Structure formats: structure tokens, C-alpha cells
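Subject: Structure for your files

Hello,

Here is the structure we talked about. Please open it alongside this message.

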Amino acid sequence: MRPFEYHAPQDAISAVAMAGEPAPSHVTSLTQFVGGGTTLFDLMKLDVMHPARLVDITRLGDKGLQQVRRDDRGLHIGALATMAALSDDGAIAKDYPVLRDTLWQAASAQIRNMARLGGNVLQRTRCPYFRDTSYRQCNKRDPGSGCAALDGFNRMHAVLGTSTSCIASYPGDFAQALIALDAHVELLGADGPRVIRFADLHRLPEDAPQIETSLRPGELITGFLIPGGTWPRSTYVKVRDRASYAFANASAAVALKLDGGRIEDVRIGLGGVATVPWRAARAEALLKGAELTEGAAAEAAEAEFAGAAAREHNRYKIPLGKATLVRALLQAQAMEL
Amino acid sequence: MMAEATPPVPEPGENMGKPLPRYEARAKVTGEPLYADDLQLPNPAIALFVTSGIARGRILQIDTAAADALPGVLKIYTHLNAPRREVTKHYTEGGYVSDSAVPLGGPDIVNDGQIVAVVVAEDFATARDAAHRIAIRYEERSPSATFGSAGAATIQPDALAAKSKKAGDFAGAYAAAPVKIDAEYSTPTMHHNPIELFSTAAAWNGERLTVHEPSQFVWQLKNGVASALGIDPENVEVRDPFVGGAFGSKGMMTQRSPLIAAIARDLRRPIRNVVLRDQGFTLATYRAETRHRLQLGATRDGKLTALSHEGWEVTSRQDDYSVAGIEATTEMYACPNIASKVSLVKADRNTPGFMRSPPETPYMYALEAAMDEMAAALAMDPVEFRRINDTKVSPVTGAPYTSRSLMECYDRAAATFGWNRRKAEPMATREGDWLIGYGCATACYPTSMMAATARAILTPSGRVEIQIAAHDVGTGAYTAMQQIAARELGVDPRMVSVRMGDTAYPPGPVAGGSMTTASAGSAVKLVCDKLKQRLGGALPSGRELEQAFDRLGTRRIEEYAEWTPPGQGKEAVQALYKGQMGGGGGAEGGKPKPLMYAFGAEFAEVRIHRLTREIRVPRLTGAFAGGHIVNPRTARSQYLGGMIWGLGQALLEQTELDELRGRYINDNLAEYLVAVNADVPEVDIIMVPEVDSQVNPLGVKGIGELANVGTAAAIANAVYNATGKRIRDLPVTMDKLLDVPA
Ligand SMILES: Cc1cc2nc3c(=O)[nH]c(=O)nc-3n(C[C@H](O)[C@H](O)[C@H](O)COP(=O)(O)OP(=O)(O)OC[C@H]3O[C@@H](n4cnc5c(N)ncnc54)[C@H](O)[C@@H]3O)c2cc1C
Ligand code: SF4
């Protein structure tokens with residue numbers, strides 16, 4: 001780990017004032033915010049990230065940053081709430097089961113106690129070639145150097161949203177719920193606050209995998225808003241080799257509104273299989289208004305993965321991703337409300 | 001049930017000792033014991049390894065200027081200024097090291113993660129910062145990573161050829177067999193990953209060297225360090241009272257120990273080194289990947305007539321390490337015609353080494369998977385098929401087993417498990433969206449023994465101290481030694497204290513080959529016998545004991561004993577003092593006749609989701625017979641831990657290899673998957689009483705490496721029962737099952 005400065009401001013405006021020097025992207029900014037540090041410190045110890053200045057945001061006193069509350073606009077989730085806090089909230093579990101399901105199945109209890117939801121959505125890929133600087137090729141870490149994963153061991157890599165520059169999968173779980181529920185992200189920068197769609201937060205790798213989000217350097221995530229009403233018929237299926245404490249090989253967040261057997265509304269976020277949190281728009285379009293049967297679910301999954309592209313070791317993710325989506329749809333349908 | 005708050009204390013069965021709680025249990029859960037790297041040294045400097053980013057090639061340039069310039073950096077060693085060490089041989093060749101490639105020995109890179117520099121600094125943070133600032137330029141060459149890689153040579157050294165077991169006419173019998181199985185299996189690379197990281201701390205005091213290092217064989221380390229540094233072993237002291245898991249990885253000395261000691265000598269300062277988790281994947285040994293071809297022939301009524309087991313194992317270019325588990329698999333079942341052969345594939349890898357049940361884990365998996373395939377081909381119950389072919393003698397030599405309770409284990413475990421509910425037809429049992437399957441397999445482990453020496457010291461208070469440089473790697477060896485001494489002397493166990501893991505004490509065996517209880521325990525029994533004889537055949541108590549001391553005119557009675565296993569002579573003790581496993585015993589070679597084995601039968605239930613094919617194991621049942629059980633509580637823990645590890649081997653564990661680059665990919669505990677609580681809902685352990693008076697005076701067989709042997713096959717066999725698909729390469733993961741119709 002390289003030496004760094006450490007600051008612990010008391011309010012968000014001060015925190016933002018300490019950041020924001022020009023940089024090619026949010027992740028390569030010389031100043032990095034620290035929430036739980038469970039992604040950032042790992043990558044600093046591995047010498048993948050070497051910020052010169054850390055701004056600890058866990059002590060920011062601004063109202064709402066640590067809280068989860070509801071009003072007539074929807075559900076507000078403070079960016080500094082821990083994964084554990086939201087996961088353990090009984091009222092949320094009842095009205096938005098998909099939020100709880102993405103959280104309790106993520107990481108370990110220790111990590112969930114440390115990690116904040118703002119940092120959570122910004123967790124970085126587990127691609128081994130990215131995380132180990134002794135590999136020369138990694139476009140995400142060192143733009144233009146190539147991609148070792150293309151011909152390397154790529155069993156956990158993505159099949160959707162890939163490019164010839166990068167096939168790293170987005171590893172997190174919570175983001176699938178946010179993208180499915182059309183969440184907004186509330187930001188604070190040196191120029192003041194702004195709001196973006198969660199779906200616009202993560203960027204496809206295309207030819208610049210080093211730029212992971214649309215955040216401006218030094219911009220702080222202050223919270224999330226899930227607009228509109230509740231989603232009691234929603235769930236998350238996370239499929240993995242190990243029963244706990246493992247990243248998803250494939251996952252699906254599903255929220256349904258049913259009218260008898262017919263689908264009135266459906267929202268789907270896919271994980272483990274894509275380079276970014278993946279909104280399954282094609283599948284949704286096919287399902288909306290249809291009878292929810294296993295056959296219809298399978299057809300929708302087929303359509304969503306029609307454009308999937310696999311490498312040597314991750315071919316299984318195409319059938320697995322489809323099966324996971326089918327299972328999640330049927331599981332949400334079978335929920336007793 | 002794992003879910004209970006307190007693990008059940010097993011009722012001791014026939015021929016079992018008391019289920020005493022662990023000697024050091026309280027100390028351990030209160031954080032009291034000092035592990036090797038916790039032991040204090042005056043003013044140590046920190047050494048951190050820098051390892052290679054390629055698997056084959058040459059260092060063209062290594063630029064340490066930026067690192068050297070950091071305040072707090074004391075010195076950076078590379079191949080250009082490495083401290084001198086003697087070149088020593090692999091331990092199988094009469095030397096001590098587990099990998100004969102010498103770190104910092106030159107510019108050549110022979111495997112992934114080889115030590116290319118050592119940064120020594122005042123503290124760890126500075127050392128790590130400096131390590132990141134070292135720039136290395138390589139000339140890269142394509143490595144041969146594993147089986148099938150271009151340039152990987154297949155060889156059969158003479159020593160391996162000599163291990164091939166043969167009987168009758170395999171080719172003829174196989175050709176004539178009415179029912180045949182011919183199948184290939186494979187097992188992946190695995191790494192031990194003990195929670196306690198590898199570490200070495202070294203300090204010189206004049207000629208004398210103190211080494212603190214987690215080790216399964218401190219006398220080997222003492223002698224090995226001395227030989228690599230060209231000094232008298234008398235001058236080397238190794239201390240390591242507690243080991244935080246080892247599983248074979250801390251068995252034989254690595255090149256790290258003399259390197260750190262040489263740096264401490266060069267800098268005239270104590271040095272501490274901890275190997276980072278990812279570095280441990282290449283700076284210690286591992287279980288290499290294996291391949292197998294099994295050919296079985298049988299009559300229609302289920303009698304085996306032909307058995308051939310051919311194995312292939314990966315090893316390094318520099319050393320011919322092999323496990324050759326055909327020794328067990330050719331002796332397991334009655335069969336008149338047997339052939340076997342093991343070959344090595346030399347690749348650009350570090351040298352593999354012991355990992356819990358080194359030969360049996362991969363080889364018995366292959367045999368037991370093939371046995372299940374044959375039972376299915378015969379339309380026979382797998383338990384009955386094994387009963388038909390059960391034997392009390394070696395089918396190869398005719399030598400008898402001293403005892404063999406395999407079928408008793410099967411019957412007990414089958415009853416507890418509810419095996420009679422199994423439907424022979426695959427895919428016949430479902431519950432909701434889950435396909436259910438049952439499977440079983442045999443576990444076995446040979447009883448090996450090594451010479452051992454021990455000292456006992458008695459004081460007038462009646463307190464006894466046992467000293468033996470054997471090792472408790474978390475298994476309960478302290479407790480076993482305490483219990484054996486207390487029983488022999490007829491005293492309360494609380495009067496006995498045990499000292500281990502330190503070369504200040506007389507040498508005990510390597511904590512490997514499941515030999516500690518039998519070997520060290522026999523030495524402890526012997527020394528206690530001698531103590532009793534000094535006092536007229538029994539230990540008096542209270543006032544009488546004090547009078548006995550007065551009569552002898554001393555305040556301290558000390559005895560020392562040397563024990564050698566049957567068939568081994570005085571040379572075995574001499575070898576032990578030199579830190580060698582020689583003397584005709586040891587984990588691998590020279591197993592005395594007749595055959596001595598512990599056995600077990602393991603049963604598994606698997607559930608596989610019909611859509612996504614995740615595999616979950618709600619239940620495991622194992623029954624084991626291992627001669628006299630000194631302590632049923634610690635024995636149960638060994639069986640439990642073994643089966644849980646076996647579950648990991650079946651479904652999770654594998655070191656992923658980038659074959660193009662010859663490098664390990666998942667070198668961390670997030671992605672190297674071992675079973676967690678959620679994977680292990682319910683494990684039933686049954687201890688089948690067994691008496692064996694031939695194996696050794698204690699009647700004890702080695703059980704530490706028994707239970708992890710059969711599990712992978714039992715689970716893979718259950719997966720077949722659930723899905724109708726044979727997965728012949730471990731681990732069995734969902735991606736391999738996605739094409740099964742359901
Ligand atoms: C072993 C392991 C297993 C894991 N398994 C899972 C899993 O199964 N599923 C899963 O979803 N996750 C998993 N994780 C990831 C974990 O959930 C994330 O590391 C965690 O949520 C990140 O939150 P944090 O507060 O610790 O972020 P930090 O590490 O503090 O920050 C991460 C990044 O985000 C930036 N940042 C943080 N907060 C803000 C903010 N408010 N505004 C702008 N930028 C910010 C930081 O500068 C940094 O670059 C695992 C992690 C580990 C180490
Ligand atoms: S997949 Fe992306 S992160 Fe991984 S090596 Fe390629 S460029 Fe780097």
C-alpha cells in the first residue's frame with residue numbers, strides 16, 4: 001500500500017470540496033471517498049488503486065445520508081446506510097423483498113456490517129487479471145494494454161454487454177434490485193446536487209472499460225430513490241457454487257404485478273452474467289401482458305440472451321442465466337402475499 | 001446435527017477412551033496460545049517476498065532504485081545479491097527441501113509466483129510499499145502448465161515403476177469379463193490454505209539460530225535449515241508450540257526457511273516473514289491435479305475378475321514428487337487379476353507435496369466412482385456389490401489385514417442414513433423443484449508409524465510433564481498424549497502436562513500420515529512404563545510418592561524412551577534425530593506386512609435444482625472403524641472435519657489454472673471455495689468399535705486422514721443417482737449438469 005492522506009469531514013459539502021480535482025474518471029480520481037472500505041482497501045493493498053487522499057464519509061452528519069425513509073415520492077435510501085441495516089429492516093423486507101434478498105445473500109455478515117450502500121453499487125469487478133498487477137494485460141487497469149481474460153481463465157466473466165476490450169462481470173447483487181425498480185441516484189458535486197437514473201450509472205465497457213460509471217470525479221452518491229409504490233411480489237435468485245459467501249454465477253432480480261395469471265407489470269435485473277447491472281428489457285417486453293407460464297418465461301429468457309457472447313470457460317452462463325431468470329419469475333409468481 | 005448449540009459429546013463405545021475436552025480448548029478460545037509468528041524476538045525487521053508474474057522465462061532487469069530510496073527500507077535482495085545457501089536435495093532424495101528450486105538462485109523463472117526479490121524494512125507497510133515499486137523486466141517463454149500442455153513430458157521413474165502392483169492376468173481376464181467398465185476420472189489442483197499463514201522468523205545469537213515457524217516436523221526443520229546453511233544442527237532451535245492448521249502444507253521444509261535465516265545472518269538482525277495468502281499458493285506445496293483410467297471386469301453375479309488402475313500426476317520439472325495411490329486401490333477388493341501403473345507429467349510448476357490423505361484422496365475417488373458405475377452396470381445395490389467383493393487379505397500379496405471392519409461400517413451407516421429408501425433408478429426421486437439422489441463410497445487410510453522418543457518428568461507433587469517434539473496441528477494431539485500418559489500412570493489427566501512442537505524436546509514423528517497418536521502415543525506409553533518401573537511398577541500417590549522420592553534422594557525423576565514401530569530398528573531413531581522419515585517407516589514407504597488400514601463407509605444425499613442445477617448436500621453419514629479410539633470427542637471432530645472437507649472436494653475446491661500463462665487464478669479465500677456453514681446442514685458420525693492388537697501396543701490406527709477419503713465419490717455417485725449423469729472430473733459443479741434433461 002502506498003502512503004495517503006486521510007480526512008474525515010463532518011458534512012457532505014466539505015467532503016465534496018476535498019475531492020473533484022480533474023481526473024479521467026471517478027475511479028482514477030486522486031481523491032477517493034471511503035465508506036466501509038471493503039472494496040477500496042482491498043484494491044489499495046493489491047496496488048490496483050493508489051489514491052493520494054482518502055475522504056472518510058462515514059461520519060458525515062447530513063440528514064438522510066444514513067437513513068432509510070418513505071414519503072409520497074417513494075423509498076429513500078441514504079448512501080451511508082450499511083448493507084446490514086437495510087437488509088435487517090423488517091418493513092422493507094415485507095414491501096420490497098427483492099432489496100432484502102439481494103443484500104442478505106451478498107458477501108458475509110462482517111462485510112455487510114461494514115459496507116455502505118453507496119460504496120456497494122460502486123464495487124469493482126473480481127476479474128483476477130484486474131486485481132493482480134503482475135498481469136500486464138488489463139484494459140480496465142491499464143488502458144490499451146489488452147485483456148488477459150479473453151484467452152485466460154474466464155469462467156466467472158460476463159456474456160452480456162461485453163466488448164473486445166473487456167468482459168469483466170459486474171459482481172454485486174444489490175444493483176440488480178435498484179435497476180429493476182427504476183431507482184434514481186442522488187449525487188452531490190462541487191457544482192451542487194443532481195439526480196440520474198440508476199440505469200445510467202454504470203457504463204458498458206465498449207472501448208473504455210477503465211471508465212466504469214457516469215459519475216464525475218469527486219462526485220458523492222448521497223442516496224437512492226425508488227419511485228412510486230411498493231413491490232411486495234419481488235424476489236432475487238442468486239445461483240452460485242457455494243451456498244453462501246460467494247459471488248453469483250448468475251442471478252435475477254424480479255418484481256411482478258400480477259392480474260390473476262396475467263402479468264400486469266414486470267421488472268427484471270440480471271447479475272453475474274453481464275458487465276453492468278443488466279435491465280432485461282427484451283424479456284420484460286415479451287412478458288408484459290402475457291400469461292406467466294414456464295414456457296413464456298423460457299421464451300423471454302431466450303430473447304434476453306439472444307445477443308450473449310461467451311468465451312472458452314463461461315459458455316455455461318448462457319443456459320444458466322436463462323434458467324436463473326425462469327426460476328426467479330416462477331418463484332416470484334409463487335410468492336404468497 | 002450441526003445446528004445444535006453445543007456439539008454432542010459422543011458416548012464412548014467399546015474399546016474407546018474418555019471423551020475428555022481438549023487440553024488447550026479454553027486457552028484457544030480465549031486467544032491465549034502463542035503461534036509461531038506471535039513468539040517475540042528482539043527488534044525484528046520485516047521481510048516481504050516479491051514473486052514472479054510469469055511462469056517461465058528469465059529476469060532481464062530488476063530495478064529496485066525507487067524501492068531502495070524509501071525511508072525504512074534496509075535492504076532488497078535479488079538473485080544478484082542473494083545470501084549464500086547450500087544447494088540441497090528434495091526430501092525424497094535424502095535431502096530436506098520440499099522443492100529443490102533455489103529462490104534467488106539465478107535469473108531463470110521456473111514457475112509462477114517464484115521468489116524474485118525479498119524486501120527487508122523496518123515495518124510491514126514500508127516493505128509492501130517498496131515491493132510495489134520494484135520494476136521487473138522479463139523475457140517470457142510459454143510455460144507447460146499441466147496435462148496436455150505442449151512440452152509437458154510424461155515419464156515413469158524407476159521408483160514409481162516399482163510401485164506398480166500386479167496379480168494374475170489382467171488383460172486376459174478383462175477381455176473375457178462379461179460386464180466391464182472403462183472410465184476416466186480427474187481431480188483438480190488443490191491448496192491447503194490453513195488459516196494460519198505460512199511464516200518464518202529467525203534470530204541469531206552468535207553461532208546459535210532460533211527459528212519460529214509453523215511446522216509439522218520441527219526436527220526436520222532444524223536439520224534442514226542447518227544443512228542449507230552449512231551449520232551444525234546442534235546450533236539450531238525451532239519453536240512452534242501451536243499450529244493453526246497445516247494439512248500437509250507445513251510438513252517438509254520449504255526454501256523459505258533457510259532464506260530468511262540467511263538474511264537474518266547477513267543483516268545481523270532478527271527477521272520476521274509472513275507469506276501473503278496469494279503467495280502461499282506458490283511458496284508452499286499443494287495437491288497436484290491427477291487423471292485416472294479405471295478398467296473393471298466382473299461376472300454377472302458381481303464378482304470382480306479384473307481391475308486396472310492407471311494414474312497420471314503433475315509434478316514440477318525439478319522434482320519427481322508422486323502420491324501413487326494405487327497401493328490402496330489395488331488392495332481394496334477381492335480380485336484375482338490386477339494391473340496398475342502411475343506416470344508423472346513434468347510441467348513448469350512448483351513441486352507438489354502432502355495434502356491430507358495424499359494418495360487416497362484422488363485414487364480412492366476414482367476407484368469408488370468406478371465401483372458405483374460397475375454396480376449400476378450389474379443392476380446391483382452398491383453396498384451389496386462391495387460386500388460380495390469384500391476381502392480379509394490383500395488380493396495382490398495374500399497378506400492378511402490385521403483387522404477390517406468395512407462391511408460393519410457400511411451396515412451401520414446405511415441403517416442410520418436410511419439407504420433402503422434409495423431408488424436404484426436415476427432421477428426417480430423428486431421433491432418440488434429438487435432432484436434427489438443417494439450415493440455411497442468406501443473410505444480407507446493405512447496405519448503408518450514412525451519412530452518416536454519422549455521424556456517424562458515426575459515431581460513429588462505427583463505432577464508429570466511429558467515432553468515430545470510431536471505436533472498438534474489442531475487435531476487434539478495434546479489431549480491424546482495427556483490421556484495416554486494419564487491412563488498408563490493411573491493418574492488424573494489434570495496431573496499431566498504436555499509439551500510439544502519444540503526441538504528442546506526429544507523428537508517425535510512428522511504430524512503426517514495420521515501417525516501421531518500411534519507413534520508419539522507409543523513413545524509416551526513406553527516412557528510412562530519406564531517411570532513406573534523406577535517406582536516399583538506403579539505410581540504411588542500422596543505421602544507414599546513423597547517417601548519414594550526421599551528414598552531415591554531426588555526431587556525430580558526423569559525418564560527418556562525411544563520407541564520404534566514393529567519391523568524397524570535402531571536406525572529409525574537415528575534417522576528421526578536427523579529429521580528424516582527413513583528407517584523403513586514413514587507416511588509412504590515401507591508399510592509393514594500384514595496390511596493395516598482403518599476403514600469407513602460414507603453416504604450422501606444430494607439435491608439438485610431442476611432448472612439451475614445447483615448441488616446441495618443436506619445430509620452426510622459416515623461410519624468409521626479405526627482400532628482403539630483414544631478420545632471419541634477429538635476423533636469425532638476429525639471425522640466431521642474430514643467429511644466436510646470431502647464435501648468441499650466434491651463440489652467446490654479447485655485451484656483454477658490459466659493454462660496459457662501457467663498461473664493460479666483464484667489465489668484468495670474469496671474465490672478458492674471451501675465449504676462454509678451453509679453448505680453443511682447435517683453430518684452424522686458413527687464410530688464402529690474395533691479391536692486390533694496387532695497394529696501397535698496401543699491398538700491405535702491412524703484416523704486423521706480417513707474421513708475425507710470417500711466423500712467426493714459418495715457425492716458424485718449421489719449426483720448420478722439424482723440426474724443419471726456421471727461427472728467424472730471433480731469438482732462436480734452446476735455447469736457440468738446443465739445439459740441434463742429434467
Ligand atoms: C470477500 C468479499 C466478498 C464479497 N461478496 C459480495 C457478494 O456476494 N455480493 C455483493 O454484492 N458484494 C460482495 N462483496 C462486495 C461488497 O459488497 C462491497 O465491497 C461493499 O458493498 C462496498 O461498500 P463499501 O462501503 O465498503 O465501499 P468502499 O470500499 O468504501 O468504496 C468502494 C468505492 O466506492 C467509492 N465510494 C464509496 N462510497 C461512495 C459514495 N457515497 N459516493 C461516491 N463514491 C463512493 C469509493 O471511493 C471506492 O472507490 C464482497 C466483498 C468482499 C471483500
Ligand atoms: S476482462 Fe476487463 S478487467 Fe478483466 S482483464 Fe480484461 S480488461 Fe481487465
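This is a predicted model: local features need pLDDT of at least 70, side-chain atom pairs count only at pLDDT 80 or more; totals for chains, interfaces and linings use all residues.

Overall form of chain B. The secondary structure consists of 18 helices and 26 strands. The C-alpha trace of chain B spans about 75 × 75 × 50 Å along its principal axes.

Interior and surface of chain B. Of the 742 residues, 65% are buried. Among contacts with a separation of 6 or more, 83% are between residues 24 or more positions apart. The accessible surface comes to about 25600 Å², and carbon and sulfur atoms hold 50% of that. Chain B carries 78 positive and 85 negative side chains; the centres of these two sets lie 2 Å apart.

Aromatic rings. Over all chains, the count is 22 aromatic pairs. One of them joins A:Tyr129 and A:Tyr135 edge-to-face, at 4.8 Å centre to centre and with 75 degrees between the planes. Are these two tyrosines buried or exposed? A:Tyr129 has 1% relative accessibility and A:Tyr135 has 5%. Buried means under 20%, so A:Tyr129 counts as buried, and so does A:Tyr135.

In chain B, ring pairs link B:Tyr410, B:Phe417, B:Trp419, B:Tyr438 and B:Phe603 into a cluster.

Regards

Conventions: Residues are numbered from 1 along each chain as its sequence is written. Chains are lettered from A and ligands numbered from 1 in the order in which they are written. Side-chain values use heavy atoms; hydrogens and water are left out. Helices (H or I, at least four residues) and strands (E, at least two) are DSSP runs, numbered from the N terminus. Buried means under 20% relative accessible area, exposed over 50%, partly exposed in between (1.4 Å probe, protein chains only). Contact means heavy atoms within 4.5 Å. Accessible areas come from the Shrake-Rupley method with a 1.4 Å probe; for residues, only the protein chains shown count as cover. Lys and Arg count as positive and Asp and Glu as negative; His and the chain ends are not counted. The place of a charge is taken as NZ of Lys, CZ of Arg, CG of Asp or CD of Glu. Rings of Phe, Tyr and Trp (its six-membered ring) pair if their centres lie within 6.5 Å; planes under 30 degrees apart count as stacked, over 60 as edge-to-face and the rest as tilted.
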